[in-house]
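Hello,

Here is the structure I promised to hand over. Please load it first; my notes on what turned up follow below.

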Amino acid sequence: VAKDVNIFFDELEGVNSPSKDDDSLLHQGNLTSTSDDASRLEVVGEEVPDKNKANGLYFRDGKCRIDYILVYRKSNPQTEKREVFERNIRAEGLQMEKESSLTNSDIIFVKLHAPWEVLGKYAELMNVRMPFRRKIYYLHRRYKFMNRIEKQISRFRGWLPRKPMKLDKETLPDLEENDCYTAPFSQQRIHHFIIHNKDTFFNNATRSRIVHHILQRVKYEEGKNKIGLNRLLSNGSYEAAFPLHEGSYRSKNSIRTHGAENHRHLLYECWASWGVWYKYQPLDLVRRYFGEKIGLYFAWLGWYTGMLFPAAFIGLFVFLYGVTTLNHCQVSKEVCQATDIIMCPICDKYCPFMRLSDSCVYAKVTHLFDNGATVFFAVFMAVWATVFLEFWKRRRAVIAYDWDLIDWEEEEEEIRPQFEAKYSKKERMNPISGKPEPYQAFADKCSRLIVSASGIFFMICVVIAAVFGIVIYRVVTVSTFAAFKWALIRNNSQVATTGTAVCINFCIIMLLNVLYEKVALFLTNLEQPRTESEWENSFTLKMFLFQFVNLNSSTFYIAFFLGRFTGHPGAYLRLINRWRLEECHPSGCLIDLCMQMGIIMVLKQIWNNFMELGYPLIQNWWTRRKLRQEYGTQRKPSFPQWEKDYNLQPMNAYGLFDEYLEMILQFGFTTIFVAAFPLAPLLALLNNIIEIRLDAYKFVTQWRRPLASRAKDIGIWYGILEGIGILSVITNAFVIAVTSDFIPRLVYAYKYGPCAGQGEAGQK
């Protein structure tokens with residue numbers, strides 16, 4: 001009986017080793033996902049499952065499921081490295097098959113399959129938790145009378161309208177891993193685990209994770225550093241590496257009548273479709289398909305969005321309170337009536353003397369955001385930030401228990417291949433496991449951290465220098481706008497200065513972010529973190545510090561420094577003895593702070609949403625357009641799954657970093673200066689409702705399937721959220737005490753105003 005091609009090649013490998021890329025496994029691509037090969041079928045003498053062949057998720061024999069895809073170009077010169085790497089892959093027990101691309105014969109797809117023996121061996125090494133016993137729920141013995149009452153209550157509930165946010169249980173499958181206790185897989189105790197079918201015992205996400213683990217530890221050249229798939233991707237030996245999506249996310253048949261075609265289709269219909277924007281997320285399905293790490297991100301994002309509802313409602317109430325009390329505000333009334341009070345010019349040249357009544361509109365707009373309810377809202381948001389974090393702890397504990405993450409510890413994490421390669425010469429015994437492992441000397445670690453900290457400090461100084469440049473721009477352009485030929489701009493020179501400064505500041509923020517990313521990546525790699533989570537935490541902290549300072553430095557300047565050091569008529573303070581420092585408007589600095597926050601928050605959310613979905617959509621549309629031009633629309637559906645996935649966009653190189661960073665910076669905007677802009681939580685809520693479905697749509701339809709990975713919490717982001725919560729209490733207190741006119745208004749009302757010392761409580 002002839003053996004499978006993969007085994008056949010393994011036997012030939014010892015006889016002769018070719019000097020170029022081994023193409024004995026290579027099948028020419030054709031417009032069916034895996035077309036029949038009549039001669040091969042006759043030799044093998046086995047019946048090929050047509051269904052498996054047709055869906056493009058299996059090898060050409062229709063039996064071996066594709067667990068991972070590698071992509072390279074024939075014209076790439078790194079042939080020898082690939083050859084050694086692939087030989088070592090087969091030595092680990094993985095089966096391999098190659099196929100050329102349908103659209104470009106230079107592109108080769110390497111399909112990898114892990115047999116049961118390999119999966120079992122590495123699942124035990126990686127401590128993969130698998131179901132071993134079904135959960136039994138013990139119920140207390142009930143009396144017949146109580147049972148009848150419960151039946152009546154449940155029947156009455158059936159008449160009540162169902163919660164619209166709940167998902168339809170009929171469309172969701174029962175997930176075995178949620179109904180069973182799990183334990184680290186062990187081949188010695190294999191009889192304890194629930195194995196109905198060896199092919200489906202490990203789900204697709206787990207299989208891909210195991211194969212990726214193997215690929216990260218396979219050598220491609222002699223030498224300590226010549227190890228791992230990541231290095232081959234970085235030096236261009238391979239173009240891409242990814243697990244496959246489980247078929248198409250669309251179906252001609254309705255999910256209600258015919259059920260879901262696959263888990264991807266189910267996720268699209270129940271989660272990523274815009275028609276279910278008001279429903280809860282199917283987090284168990286997300287976790288099964290994308291892994292615990294991505295599942296926890298969406299759990300946190302959903303929880304944050306839900307907690308924004310009370311904050312948005314109170315913020316809207318504060319704004320509406322300002323609208324309703326606008327005509328009764330004594331301060332804005334007096335400002336509007338002060339036609340005989342002359343104010344000094346706000347700049348040296350071109351700025352005229354102005355009447356106090358000219359700032360009537362600004363006084364009224366300021367009252368919309370800075371009114372009697374603002375103090376209450378600032379206190380509420382300080383409490384809300386703390387309650388949000390404490391309640392998230394409870395929610396995370398529930399999820400960790402349901403997903404069996406309680407016992408998963410960082411000790412089970414593998415050492416990064418780069419760390420292993422760098423420090424493999426220095427080994428010491430691990431006191432816990434009793435095994436030798438690479439060791440980084442304390443002096444080496446400290447020196448690397450000092451260099452990294454110096455780089456962070458330098459980049460923060462660059463941000464402060466950029467803010468100083470914006471300050472100079474504001475000082476110089478006030479006079480320019482005051483002499484502008486258009487009356488609208490000439491009469492509102494301060495607003496024009498603030499508006500243009502904010503827009504320029506936003507452009508500088510976006511440009512510096514690109515630079516920060518490269519610097520943070522260099523400094524993190526310089527530190528040589530031991531595990532992947534340490535690398536992510538280090539990179540995250542640097543990028544957050546850079547972007548937080550970059551985004552909020554101008555806001556801090558406007559809130560606490562603008563107009564504080566201007567001097568007075570006859571003795572103005574000047575910048576470089578030339579330019580007069582900028583003053584606040586007669587109605588206060590809060591309107592400038594409000595404009596800064598509103599413009600940057602709206603622009604940043606629009607830009608982020610475009611980059612997250614609009615950019616991949618345009619790229620994928622362009623790819624499909626080129627394919628249609630070459631092959632025609634009638635042949636498009638016959639592309640195999642690996643070809644379709646290759647034409648999708650790869651997930652961000654830093655995983656969920658951009659998604660978390662966007663939300664954490666938004667959390668800072670909704671808490672730190674919320675006293676100046678009460679509508680921030682409402683804008684955040686509206687954005688997040690869109691963001692959840694937008695991210696879901698992107699993960700399911702626009703991106704290649706990311707590698708499933710485990711995590712028990714949101715990592716360093718929780719500590720950052722706690723820091724923002726503490727900072728928000730301090731900044732809101734200072735905004736009310738320093739930036740806002742709340743205290744001067746109280747002093748005026750009770751000491752100097754027209755009603756000072758008159759009337760009693762209850763008599764206005």
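Cys-336 and Cys-360 are joined in a disulfide, with 1.9 Å between their sulfur atoms. Please keep in mind that this is a predicted model. The cut-off for such a pair is 2.5 Å between sulfurs. By that rule the count is one disulfide.

On geometry: the torsion about the S-S bond of Cys-336 and Cys-360 is about 80 degrees, so the disulfide is right-handed. The pair links distant parts of the chain, 24 residues apart. Cys-336 sits in helix H15 (residues 330-337), and Cys-360 in helix H16 (residues 360-369).

How do the two helices lie? The axes of H15 and H16 come within 8 Å and cross at roughly 175 degrees. Angles over 145 degrees count as roughly antiparallel, and H15 and H16 are therefore roughly antiparallel to each other.

Which residues make the contact? From H15 come Ser-332, Val-335 and Cys-336; they meet Cys-360, Ala-363 and Lys-364 in H16. The residues of this contact divide into four nonpolar, one polar and one charged. Both cysteines of the disulfide are among the contact residues.

Buried means under 20% relative accessible area. Cys-360 has 16% relative accessibility, so Cys-360 counts as buried.

Cys-270 is buried, with a relative accessible area of 7%. Cys-461 counts as partly exposed, at 34%.

Best regards

Methods. Residues numbered from 1 in each chain as written. Predicted model: local features only at pLDDT ≥ 70, side-chain atom pairs only at ≥ 80, totals over all residues. Heavy atoms only, no water. Helix = DSSP H or I, 4+ residues; strand = E, 2+ residues; numbered from the N terminus. Buried < 20%, exposed > 50% of the residue type's maximum accessible area, 1.4 Å probe, protein only. Axes fitted to C-alpha atoms, helices over the stretch in contact; angles between N-to-C directions. Parallel < 35°, antiparallel > 145°, perpendicular 65-115°, else oblique. Contact = heavy atoms within 4.5 Å. Nonpolar A, V, L, I, M, F, W, Y, C, P; charged D, E, K, R; others polar.
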